[in-house]
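Please read the points below with the structure open beside you.

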Amino acid sequence: MRKSRLFSNFVFFVKSYGKLSVSYYSTVRVRFAPSPTGMLHLGGLRTALFNYLFARSRDGKFILRIEDTDQTRIVPEAVQKLESVLQWAGLVPDESPSAGGSYGPYLQSQRLHLYRDSAEMLLKSEHCYHCFCTERRLELLRKEAARRGETPRYDNKCRHLTSQEVQEKMSQNVPYVIRFKYEPLESAWTDLVYGVMHEKSVGESLEGDFVVVKTDGYPTYHFANVVDDHFMKISHVLRGEEWTISTPKHLQMYKAFGWEPPLYAHLPLILNSDGTKLSKRQGDIKVEMFKEKNYDPNAILNYLTTVGRGFTSSTEGKTLEEMINLFSLDTLTSHSARLQPEKLKHLNRKHLYRKFHSKHKQHIIEETKQLVHKHYTDRVTDSHVLDSSYIERILDWALDHRISHLEDLLSKSLEYIWVYPDTNKVKFLLSKNRKCKTIIQDTVNKLNLVETFEESMVKEVLMCYCKEEDLKMKQYMIMLRGCLSEQKEGPSIAEMMETLGKLETLKRLTNAVNSLKY
């Protein structure tokens, strides 16, 4: 594995507008470049994950770059939250705003000098020009296009200004943008997922010459993207399928600069279960929500990788480290895939089970102990239920198939595990029938003989006793439930007894007997 990874670091096929040529990289370098405009959602996390896996599977570098050139949409503290969520998911960048690195700064707003210098290069080579068109004129162009039923596009008017006309407007401080002279991309390029691509196959650019530097001096997304990828020595760009249509623009800019473009791999969309696109407005796809609900990070990563492909075998129940070894871009299909929310709890249970049966067992027990103590406070009248041995046995039972989160142990139906029935209530229940004391004591004696204290065996013993004494099953079950729990409803009595275990069951039944004076 190590040898093949090292070999793959040196030999890659690089696109050269339809031609494949060999290029040598000392290191694979990929980047995740979100905008700080809100909370990270599942689609963004999937992009970050695939970049991380690609880098780690090739001993490469994973970079976090923040694309904050649109200052009007920035959300305060969004960068810190992005980094926090990536840390939580285990996708720790090698270079980032907080970690630094040799190719920083990693906030685009701190790289404006680089964009200015790069724009000046293209102005000198006449691949770009100053555009002085007012917003009013551009709005009229849009309205006219709409009237004719056409796609709005810039008519490239300022492309034909003479140098003298440009200088005159500059001297008058007329506001301007810088536009790129866009020409249709005639040659094909190779996408690592979609194969050979043509501009017509992704949708021709109909907007005319596009803006690369805005009136405020900030670069547009496309321009900053190309400049940063070049100067950060990005070798591969793995991004969502929706950016495929932008690739011709980016390749034309690389050509204008005389730079070698990176390899592109566009990741197929992941969709909601109903086939609709994920939206930032959806509350149920924000990664922060899953973090707050105490999902295991690996369960969320599995959730994103069990749909579609990209791995040599199933990722269900696998850790991030295991997924690195399974990752293969070659197996990724170009078809979009739907999320399966019904799998999420199952995946979380698998990882909780795995943690419990590992070196993390004591941590899980302590976390459960704190949850129970905080939730029930003074209702826990017997400290025995907070003993590590008791909690370990409860977890061993519950993690088999009954819970997917530790918080599930606090559900109303499982309250009996932690809370003892009130003695006065037990006395009141049993005092209705003077035979109760004898019945409960007999049940204790019968259960004490059961060696394998499982639900099926316990149920058989209870039913046999009920039949022997000619008891009404319903009343008998109500009696036993009252001795074990304050709940009038819940799991079957046999299941409750199995959950509590033999010692705890006999203890509660005996306490009930001792509470009666007659």
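1. Asp209 has a relative accessibility of 1% and therefore counts as buried, a word used for under 20% relative accessible area, with exposed meaning over 50% and partly exposed in between (1.4 Å probe, protein chains only). This is a predicted model, in which local features need pLDDT of at least 70 and side-chain atom pairs count only at pLDDT 80 or more, while totals for chains, interfaces and linings use all residues. Residues are numbered from 1 along each chain as its sequence is written, and side-chain values use heavy atoms, with hydrogens and water left out.

2. Asp209 lies in the loop between helix H7 (199–202) and strand S9; helices (H or I, at least four residues) and strands (E, at least two) are DSSP runs, numbered from the N terminus. Leaving aside neighbours within four places in sequence, Asp209 is in contact (heavy atoms within 4.5 Å) with residues including Tyr154, Asn156 and Arg179.

3. Helix H4 (residues 112–124) has 13 residues and reaches 18 Å from its first C-alpha to its last, close to the expected 18 Å, where the expected span is 1.5 Å times one less than the number of residues. Among the buried residues of H4 are Leu112, Tyr115 and Leu122, and what covers the buried residues of H4 includes strand S9 (210–213) and helix H8 (221–231). Just after H4, Glu126 takes a positive phi of about 65°.

4. The axes of helix H13 (residues 344–356) and helix H14 (residues 361–376) come within 7 Å and cross at roughly 115°; axes are lines fitted to C-alpha atoms, for helices over the stretch in contact, and angles run from 0 to 180 degrees between N-to-C directions. The contact is made by Leu352, Lys355 and Phe356 of H13 together with Lys361, Ile364 and Ile365 of H14.
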